[in-house]
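This report sets out the secondary structure and packing of one protein chain.

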Amino acid sequence: MRVVSLVPSLTEAIAVSLPGVVVGATDWCSHPPDLDVTRVGGTKNPKLDPVLALAPDLVIANEEENREPDLTALREAGVEVLVTEVRDVPQAFAELARVLDACGAPSRPRWLDQAEQAWAQLPESEGRVTAVVPIWRRPWMVLGRDTFAGDVLSRLGVDHAYATHAERYPRVPLDELRSTAPDLVVLPDEPYRFTADDGPEAFAGLPCALVSGRHLTWYGPSLGEAPRVLGAALRAARR
């Protein structure tokens, strides 16, 4: 089986579970750290000729991360494309199992069972809080409705302020974000790399949690650590 993955978290899931199966991945596929495969461009702008040159049996994509014209072009070139949809934690586990099965996994990997158990046995939260969750600045964009990251936070006791917005990733002026008076501002390090020096200064007087974007937005082996890693960062910001 030869697989090209256009989704960083799924690249990690396949590579960890089925060494040698992934032959191509995007420039953003950073895990596992020792991944040594042909790079085929970005998630939004993959280079289709290099993908086709790899003669994949299957290309793995996601309806949010990848563009339909690219996926259509691959199908028209005779390549099978599996497109995932992940909007919440249970769906992530179902799609991971589907992807690994399609890639030839002989059985369900242990890390997937352990990750699912970690989410099924979450500790009691210390009370629910409200948050704004920027994912970009210049312009400011935040989590809106129906997102995987929003569901992750909800399960950890964090209700984000734009969960019922008409858009999934709305642009919201900074003054409006501040005016919501959230209990917490959650700043991930991807897709925009918020840091201690880039982000918190815009929300003076509000507690800010700098969190791992991989644990907040990726659905793969990192799901097993996510409750602990994210939970610790969220608690630390509220002390």
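The crossing of helices H1 and H4 is right-handed in this predicted model. Helix H1 covers residues 8–17 and helix H4 residues 89–102; they pack with an angle of about 50 degrees and an axis separation of 10 Å. The two helices are therefore oblique to each other. On the H1 side, Leu10, Ala13, Ile14 and Ser17 meet Leu96, Val99 and Leu100 of H4. Of the residues in the contact of H1 with H4, six are nonpolar, one is polar and none is charged.

**Overall dimensions**

The protein chain contains nine helices and 11 strands. Its C-alpha atoms fill a box of roughly 55 × 35 × 30 Å along the principal axes. For 239 residues, a compact globule would have a radius of gyration near 18 Å, and the value of 18 Å for the protein chain therefore agrees with that expectation.

Strand S2, residues 22–25, pairs with S3 in the parallel sense through two bridges. In this pairing, alanine 25 stands opposite arginine 39 of S3.

**The four-stranded sheet**

A further open sheet is formed by four strands in the order S9-S6-S10-S11, with parallel pairing. Its edges are strand S9 (158–160) and strand S11 (208–211); each has a single partner strand, so one side of each is left without a neighbour in the sheet. From one strand to the next, the twist averages 40 degrees. Strand S10, residues 184–188, runs parallel to S11 and is joined to S11 by four bridges. Proline 188 stands opposite valine 211 of S11. Helix H9 (residues 226–238) packs on the sheet in contact with strand S6 (129–132), S9, S10 and S11, and the direction of H9 makes about 155 degrees with that of S11.

**The contact of H4 with H6**

How far apart are the axes of H4 and helix H6? The axes are 9 Å apart, and H4 packs against H6 (residues 148–155) at an angle of about 120 degrees. This angle makes H4 oblique to H6. Val89, Pro90 and Ala92 of H4 form the contact together with Phe148, Asp151, Val152 and Arg155 of H6. The residues of the contact of H4 with H6 comprise five nonpolar, no polar and two charged.

| Helix pair | Angle | Axis separation |
|---|---|---|
| H1 and H4 | about 50 degrees | 10 Å |
| H4 and H6 | about 120 degrees | 9 Å |

How values were computed. Residues are numbered from 1 along each chain as its sequence is written. This is a predicted model: local features need pLDDT of at least 70, side-chain atom pairs count only at pLDDT 80 or more; totals for chains, interfaces and linings use all residues. Side-chain values use heavy atoms; hydrogens and water are left out. Axes are lines fitted to C-alpha atoms, for helices over the stretch in contact, and angles run from 0 to 180 degrees between N-to-C directions. Angles under 35 degrees count as roughly parallel, over 145 as roughly antiparallel, 65 to 115 as roughly perpendicular and the rest as oblique. A crossing is left-handed if the near helix is turned anticlockwise from the far one by less than a right angle, and right-handed if clockwise. Contact means heavy atoms within 4.5 Å. Ala, Val, Leu, Ile, Met, Phe, Trp, Tyr, Cys and Pro count as nonpolar, Asp, Glu, Lys and Arg as charged, and the others, Gly among them, as polar. Two strands pair if DSSP finds at least two bridges between them. The radius of gyration is taken over C-alpha atoms; the globule rule is 2.2 Å times the number of residues to the power 0.38.
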